[in-house]
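Please keep the sequence and the model in view while reading.

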Amino acid sequence: MNATDAPLVSIILAVKNGERFIAEAINSLLAQTYRTYEIIVIDGQSDDRTAEIVQSFSEIRYFRQADFGLANGRNFGIKIAQGQLIAFLDHDDLWLSYKLQKQVQHLIQHPELRYVISQVQFFSESNFRPRPGFRAHSFESSQAAYTPSALLAHKDVFKQIGNFDPAFKVACDIDWFTRAQDHKIPMTILPDILLRKRIHQVNLSSNVEVNRRELMRVVKQSLDRRRQLTH
């Protein structure tokens, strides 16, 4: 791929009180072998050292979020993104160095596709015991990653099916992917592990009750939407 073929990728990192992991996440972005990108950090009004750490990186476009919530933070990032392609990273996750390179090349080689995801491998902090129900073998094998940190999408996909729904505190990710599937947006899953996802005490998905309740809403909305799309 030469420079004239290289589309700009906007990487959106929405964070609140992420001082423990944010520097490591940003360094995994700066280590990318694909270099045509911008990094946008949306700070959800952190009251720890997040802002100080982020602003120590000269390569970052830093914005303090006016409202609250992960979905609103990501949506603001999409609004101000300058790239033709949109990617995300959660502040506690890590990209492999060739993540963008492989995904951008695949979208260029397959112009009919509108987004691509990858495989993910989970890892945990030392001495951390995963929540009940988390399968131990998830740490030993990879799986398809229906999560924004593994996503690379053409920006127009968000115009077609909408942004992340702020009505969901936890399930805004699965809601977005469900809408994409219901609208039959062309996509593929790469076989490569391109994301390492950290499991720790304060993952949003660890709120089991809220997660279960919101997933039920996602399923109901999907069933209603499919009925509408088939009529």
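## Terms and basis

Contact here means heavy atoms within 4.5 Å. The model is predicted, so local features need pLDDT of at least 70 and side-chain atom pairs count only at pLDDT 80 or more, while totals for chains, interfaces and linings use all residues. Residues are numbered from 1 along each chain as its sequence is written, and side-chain values use heavy atoms, with hydrogens and water left out.

## Two aspartates in a loop

Aspartate 93 lies in the loop between β4 (85-88) and β5 (94-95); strands are DSSP runs of E of at least two residues, and helices are runs of H or I of at least four, numbered from the N terminus. With a relative accessible area of 0%, aspartate 93 is buried (buried is under 20%, exposed over 50%, partly exposed in between, with a 1.4 Å probe and protein chains only). Beyond its neighbours within four places in sequence, aspartate 93 is in contact with Ala25, Ser149, Leu195, Arg196, Lys197 and Arg198.

Aspartate 92 belongs to the loop between β4 and β5 as well, and counts as buried at 8% relative accessibility. The C-alpha atoms of aspartate 92 and glutamate 24 are 8.1 Å apart, although 68 residues separate the two in sequence.

## The two faces of α7

In α7, the buried residues are Val210, Asn211, Glu214, Val218, Ser222 and Arg225. Because they cover an arc of only 105 degrees around the axis, they lie on the same side of α7; the arc is that of the directions from the helix axis to the C-beta atoms. These buried residues pack against α6 (172-182). Exposed Glu209, Met216 and Lys220 sit on the face turned away from the buried side of α7.
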